[in-house]
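Biologist: Could you walk me through this one and tell me what stands behind each label you use?

Modeller: Gladly, let's have a look together.

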Amino acid sequence: MKILFMGTPDFARESLKALYESGEEIVAAVTQPDKPKGRGYKLCPCAVKIYAEEKKIPVYQPDTLKGEEFSSLLKSLSPDLIVVVSYGKLLPENVLEFPKYGCINVHGSLLPKYRGAAPIQRAIINGESMTGITTMYMEKGLDTGDMLQKTEVEISDNDNFETLHDKLALCGAQTLLSTIKSLKAGTLSPSKQNDNEATYAAKIEKNDCLIDFSKTAREIFNLVRGLSPLPLAFTHTPDGNILKVVSCECEKTDNMQVGVAPGTVISLDGGICVACEGGSVKILEVIPQGKGRMNAQDFVRGRKIFVGDIFK
RNA sequence: CGCGGGGUAGAGCAGUUUGGUAGCUCGUCGGGCUCAUAACCCGGAGGUCGUGAGGUUCAAGUCCCACCCCCGCAA
């Protein structure tokens with residue numbers, strides 16, 4: 001079965017890797033064009049491209065999937081199946097309809113929950129204790145296609161975006177293999193998504209990353225780990241500088257203080273304890289503006305943060 | 001040439017503007033206090049101030065030049 005793989009970041013690479021290592025016939029990898037990234041705006045190839053080139057899989061980076069150019073490429077590759085994992089663009093209908101066995105997508109949530117761009121982050125931020133992988137047939141809508149297989153993955157308090165992302169990437173790869181196996185065996189039984197239960201996991205914006213200390217410790221804890229290590233939740237120190245928070249923990253509510261404004265530093269013992277709704281959070285690791293990652297205590301040592309300072 | 005911050009003791013920082021004996025907090029080592037301590041007190045060790053036998057100077061962490069490295073933002 002000739003498979004065309006479409007995907008871009010690390011998350012997608014795991015699926016490509018699994019396909020490759022299981023001996024599937026991958027006719028090509030389609031990925032986003034190299035983009036100027038990082039300091040100095042150097043052109044950076046994405047994870048899928050790097051892996052594909054390493055394995056001598058032909059790589060294509062079309063600017064658009066619409067139009068003749070990609071259509072003719074499709075015809076020449078003539079895949080029987082297209083596998084899409086975090087590609088980054090919607091597929092036009094003519095592409096969706098091209099392969100004999102359709103287009104299969106690997107999505108990082110238990111659909112119909114968390115459709116959209118940031119299912120992993122949103123699941124953590126919302127305090128879910130369970131998420132997973134869903135494979136599905138693709139259709140016009142965003143993550144609305146008929147579901148094929150699911151694998152559940154537990155979210156523990158120790159998980160942050162990075163750890164959960166890595167787990168789901170591997171899990172996604174395995175679920176994909178399993179789905180393709182069933183496809184070949186003819187034992188797939190697609191099931192419709194219940195649109196009434198659908199939720200949407202919007203892309204993470206800057207606004208999502210600002211810590212609101214009038215929320216509960218648990219909510220702040222979830223936000224911080226859901227955005228760690230990228231793009232990171234942040235707050236502002238009294239001097240107005242941005243302080244990114246890499247990790248924190250919920251303090252026991254028994255050290256809650258009465259009459260202290262949310263965002264107030266109430267202790268520097270073992271970290272930076274900041275008052276919030278119903279308790280406090282202890283900030284453990286930070287990235288100050290213009291600096292690298294460091295322990296909260298190191299930050300306090302050099303920067304003169306005092307009890308009574310207010311973060312906002 | 002995207003914008004910007006930085007390289008000073010094991011860690012985090014000050015000192016550079018206005019050159020003149022290298023400092024703070026923490027850690028570490030030793031001693032003291034204490035029933036005890038991560039608490040407190042006293043004392044010590046530890047630095048070619050990124051590199052260049054570079055330039056200016058009586059004198060350079062500080063001013064000038066060149067190079068190397070690290071990081072933040074933005075995408």
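Predicted model: local features only at pLDDT ≥ 70, side-chain atom pairs only at ≥ 80, totals over all residues.

Biologist: Why is N194 called partly exposed?

Modeller: Its relative accessible area is 33%. Buried means under 20% and exposed over 50%, so N194 falls in between.

Biologist: And where does N194 lie?

Modeller: N194 is in the loop between α6 and α7 (206–209). From N194 to P262 there are 68 residues in sequence and 40 Å in space, C-alpha to C-alpha.

Biologist: Q193 is in the loop between α6 and α7 too. Is Q193 buried or exposed?

Modeller: Buried: the relative accessibility of Q193 is 8%, and the label applies under 20%.

Biologist: Which residues is Q193 in contact with, leaving aside neighbours within four places in sequence?

Modeller: They are L111, P112, R115, M136, D143, T144, G145 and M147. With G145 there is also a side-chain reach: the side chain of Q193 comes to the backbone oxygen of G145 at 2.8 Å.

Biologist: Now the sheet. What is the order of its strands?

Modeller: The order is β5-β2-β1-β6-β7-β8-β9, in an open sheet of seven strands with mixed pairing.

Biologist: What makes β5 (59–60) and β9 (147–154) edge strands?

Modeller: Each of them pairs on one side only.

Biologist: How do you know that β1 (residues 2–7) and β6 (residues 81–85) pair?

Modeller: Pairing takes at least two bridges, and five bridges join β1 to β6, so they pair. These two strands run parallel, and F5 has V83 in β6 as its bridge partner.

Biologist: Which strands does α6 touch where it packs on the sheet?

Modeller: α6 touches β1, β6, β7 (103–107), β8 (130–137) and β9, and its direction makes about 150° with that of β9.

Biologist: How do α1 (residues 10–21) and α6 (residues 161–185) cross?

Modeller: Their axes come within 8 Å and cross at roughly 35°, and the crossing is right-handed. The residues of that contact divide into ten nonpolar, three polar and two charged.

Note on methods: Residues numbered from 1 in each chain as written. Chains lettered and ligands numbered in written order. Heavy atoms only, no water. Axes fitted to C-alpha atoms, helices over the stretch in contact; angles between N-to-C directions. Helix = DSSP H or I, 4+ residues; strand = E, 2+ residues; numbered from the N terminus. Left-handed = near helix turned anticlockwise from the far one by under 90°. Nonpolar A, V, L, I, M, F, W, Y, C, P; charged D, E, K, R; others polar. Contact = heavy atoms within 4.5 Å. Buried < 20%, exposed > 50% of the residue type's maximum accessible area, 1.4 Å probe, protein only. Polar contact = N/O pair within 3.5 Å; in protein donor to acceptor, adjacent residues only side chain to side chain.
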